[in-house]
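I am opening my notebook on a new structure today. Come along while I look things up one by one.

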Amino acid sequence: MSGPWGICEECNQENTGYEWCNACNAKHFQQNFKNWTSGNDDIDKCIQKTQLSANYSCEVLEWIPYNKFYDLNRIAKGGYSIVYREKCIDGFICNWDNKNQNWPYEKKSSNFCTIFVQVRVEIVQLLQIFG
Ligand SMILES: [Zn+2]
C-alpha cells in the first residue's frame with residue numbers, strides 16, 4: 001500500500017507531497033547549495049532550511065538573482081514590506097526531474113507559488129535598501 005502521493009522513483013519510499021520526496025529532494029537541494037548564494041549568510045541559511053525541510057514544492061524558497069526579474073510592478077506597500085508582482089525569466093522550480101536529474105523551471109503561477117515569489121522579491125528589495 002502506498003500513501004496518497006505514491007512512491008518515490010528514487011528511494012522507493014512514500015512521497016511526502018505531489019511528485020515530491022522530502023528526503024531525496026533535500027539531497028538534490030543540498031548538492032546545489034554551492035551553485036548559488038544571496039550574498040548574505042543568514043538569508044542563505046533561511047532559504048536552505050526551507051529546501052531541506054519541504055514536504056512539497058510550495059514550501060520551498062529559492063534564491064533568484066535580481067537581474068532575473070523583469071516586469072516588476074509594485075502592487076502594495078505597507079509596514080516594512082513592499083509587495084511586487086513580477087515575472088521571472090526562468091520561471092521557478094517545481095518538481096525534481098528524475099529522468100534529467102535537474103530542477104526544471106516551470107513558468108506557472110499558482111497562488112501559493114506567487115506568494116513565495118513575492119517573499120523572495122521582498123528579500124531582494126531589503127538587500128538593496130540595507131545591503
Ligand atoms: Zn525519495
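**Entry 1: ground rules.** I take helices (H or I, at least four residues) and strands (E, at least two) as DSSP runs, numbered from the N terminus. I am working with a predicted model, where local features need pLDDT of at least 70, side-chain atom pairs count only at pLDDT 80 or more, and totals for chains, interfaces and linings use all residues. Residues are numbered from 1 along each chain as its sequence is written.

**Entry 2: the outline.** I found three helices and four strands in the protein chain. Reading from the N terminus, I noted the order α-α-β-β-β-β-α.

**Entry 3: confidence.** I looked up pLDDT, the predictor's confidence in each residue, from 0 to 100. The protein chain has a mean pLDDT of 72, with 54% of its residues at 70 or more. Where is confidence highest, and where is it lowest? Helix H1 (residues 22-32) has the highest mean, 94, while strand E2 (residues 81-88) has the lowest, 47. I marked residues 80-85, where the pLDDT is below 50; this stretch has 16 contacts in the model beyond near neighbours in sequence. I marked residues 108-115 too, with pLDDT below 50 and five such contacts. Here, two residues are in contact if their C-beta atoms, placed from the backbone, lie within 7 Å.

**Entry 4: burial and contacts.** I call a residue buried if 20 or more other C-beta atoms lie within 10 Å of its own, exposed if 12 or fewer, and partly exposed in between, with C-beta atoms placed from the backbone. Of the 131 residues in the protein chain, 16% are buried. I also took the contacts between residues at least 6 apart in sequence: 41% of them join residues at least 24 apart.

Entry 5: I found Asn12 in the segment before H1. Asn12 is not a glycine, yet its phi is positive, about 65°. Why does Asn12 count as exposed? Asn12 is exposed because it has 9 C-beta neighbours inside 10 Å. Glu19 also sits in the segment before H1, and its phi is positive as well, near 50°. Glu19 has 17 C-beta neighbours inside 10 Å, so it counts as partly exposed. I then looked across to Tyr56: it is 37 residues from Glu19 along the chain, and their C-alpha atoms are separated by 7.9 Å.

**Entry 6: Lys45.** I placed Lys45 in helix H2 (residues 41-53). Is Lys45 buried or exposed? Lys45 is exposed, because 10 other C-beta atoms lie within 10 Å. From Lys45 to Phe33 I noted 12 residues in sequence and 10.0 Å in space, C-alpha to C-alpha.
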